[in-house]
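Biologist: Could you walk me through this model and tell me what lies behind each label you use?

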2 protein chains.
Amino acid sequence: MSIFSQISFKDQAFKLRENAILDATTAVLSSKGFDLMTMDDIAGVVGISKPSLYKHFKSKEDLVGEALIRLIDGAIEYMAQLDDALSPIGKLSALLEWALRVRLAGGMPFLPSTSPQVREMLMRNMRYVLKVMKLNGQLEKLVAAAQKTGDLNPDLPSDVILFSYYSRTCDPAAEFLQKFSKMSTEDIVTHMLKVAFNGIK
Amino acid sequence: MSIFSQISFKDQAFKLRENAILDATTAVLSSKGFDLMTMDDIAGVVGISKPSLYKHFKSKEDLVGEALIRLIDGAIEYMAQLDDALSPIGKLSALLEWALRVRLAGGMPFLPSTSPQVREMLMRNMRYVLKVMKLNGQLEKLVAAAQKTGDLNPDLPSDVILFSYYSRTCDPAAEFLQKFSKMSTEDIVTHMLKVAFNGIK
DNA sequence: TATAAAATCTACTAATTAGTATCGGATATT
DNA sequence: AATATCCGATACTAATTAGTAGATTTTATA
């Protein structure tokens, strides 16, 4: 076995484990939130020790930042592969649907919407902020375009629409329905989308 | 000074401080959330020592429970004093407006919507659960009535409406608007209500 | 003013957890 | 097979915080 393939194999294993760590982090974040998530939790789920975990990520802050960056990357990628012929509101609807499905599968943490502390922490993470700004820019354009055609209410300030749109991706109603009603994931997604765009009237 | 008036005076002071403690708890909960709120925080804000705090509430769990019970009592009282001539959807709108104003004034914690741990803790609190059930019963009736008249969408399952309604009381969009837009509280409330009932379309 | 009673605070314990120093064991080359 | 290198785990430190014991001060009455 040559030196090169060996290194590459190790790198591959390293990368694989890194992904497993990020998966675990996303899952634990989704269920317990940032404050209650411990590094021992993550190490335990992945099946490695805490020092090994610190070989990959230098702090809890860093780890969570990377997990969220991966999530936003997912959203950006999802946006990129959408059919360009789709209308602005069609794209917004598709992305929200994607987010709701990810959430219902247990892969979308509430943060950073809920805790100012966590929000501040993330805002110090340059890479995270850049990703968020990129996605936000795309969404702003879609909202503006949809307001122009009247597909979204032109009388509402655009930030009201945008912030409300974001909020729907972490709407606790979805989880309540999953937990306390016997509704299928499909139905929950359908209804949540309907409520997001048309309200409850 | 008679023994009776003295006792009553002491009781009064005790009650006053208890209220101050609950105020502080609600405020700290709203800003930091349950996990980051410490008993020292509360004692510090009120200006008493931790042991004195424990004279009033036997644990953090108990303290938070009482604070939330007081909040729900506020909602129930608000409902009770509404004009009975008001339509079901009028009452729902009024209560949501009340909740949004309380929230924007920093007096409405996110919990229990966000953390399963906190939710579980609260579910063990019988008095809290009873209050919640009482309020929930009233709201269920209002939703059903409003669906019957067509003021709320009759095609949506009633729990979708009810859970969505609850979610709007802790919609992070309100705080984002307060923080990042120059909008007045009045405008934020107006727009949030509009979005809640009519969506963003 | 002196004493009894109550309330309040200072200073502690025990438990948790982020982060690390060091040791033992696996892997690869000679 | 022997040795060098690297990886990971055990077992620690330091800091935080819920909850409490005991000292101290305040208040009320005689």
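Here is our conversation about the folds, charges and contacts.

Modeller: Happy to. This is a predicted model, so local features need pLDDT of at least 70 and side-chain atom pairs count only at pLDDT 80 or more, while totals for chains, interfaces and linings use all residues. Residues are numbered from 1 along each chain as its sequence is written, chains are lettered from A and ligands numbered from 1 in the order in which they are written, and side-chain values use heavy atoms, with hydrogens and water left out.

Biologist: What makes up the pattern of chain A?

Modeller: Chain A has 10 helices and 0 strands, so its pattern reads α-α-α-α-α-α-α-α-α-α. Helices are DSSP runs of H or I with at least four residues, strands are runs of E with at least two, and both are numbered from the N terminus. Along the principal axes, the C-alpha atoms of chain A fill a box of roughly 60 × 40 × 35 Å.

Biologist: How much of chain A counts as buried?

Modeller: Of its 201 residues, 47% do. Buried means under 20% relative accessible area, exposed means over 50%, and partly exposed is in between, using a 1.4 Å probe and protein chains only.

Biologist: Why is the link between A:D23 and A:R70 called a salt bridge?

Modeller: The term asks for a side-chain nitrogen of Lys or Arg within 4 Å of a carboxyl oxygen of Asp or Glu. For A:D23 and A:R70 the N to O distance is 2.8 Å, so the pair qualifies. The pair links distant parts of the chain: A:D23 is in helix 1 (residues 3-36) and A:R70 in helix 4 (residues 60-80), 47 residues apart.

Biologist: Why are both of these residues, A:D23 and A:R70, called partly exposed?

Modeller: A:D23 has a relative accessible area of 44% and A:R70 has 28%.

Biologist: What makes B:K50 and B:D40 a salt bridge?

Modeller: Their closest N and O atoms are 3.5 Å apart, which is within 4 Å, so B:K50 and B:D40 meet the criterion. B:K50 lies in helix 3 (residues 50-56) of chain B and B:D40 in helix 2 (residues 39-46), 10 residues apart.

Biologist: Which parts of chain B does the pair B:E186 and B:R101 tie together?

Modeller: The side chains of B:E186 and B:R101 meet in a salt bridge at 2.7 Å, N to O. B:E186 lies in helix 10 (residues 185-198) and B:R101 in helix 5 (residues 88-104), so the pair ties together parts that are 85 residues apart in sequence. In chain A, A:E97, A:R101 and A:E186 are linked in a network of salt bridges. Over all chains, the structure holds 22 salt bridges.

Biologist: How do you know that chain B and chain A are in contact?

Modeller: Contact means heavy atoms within 4.5 Å, and 41 residues of chain B are in contact with 41 residues of chain A. The area buried between the two chains is about 4,100 Å², of which carbon and sulfur atoms give 68%. Buried area here is the accessible area (1.4 Å probe) that two parts lose on being put together, summed over both. B:F163, B:I200 and B:K201 supply 18% of the area that chain B buries against chain A, more than any other three residues.

Biologist: How many salt bridges are counted between chain B and chain A?

Modeller: The count is 2. B:D171 and A:R168 meet in a salt bridge at 2.9 Å, N to O.
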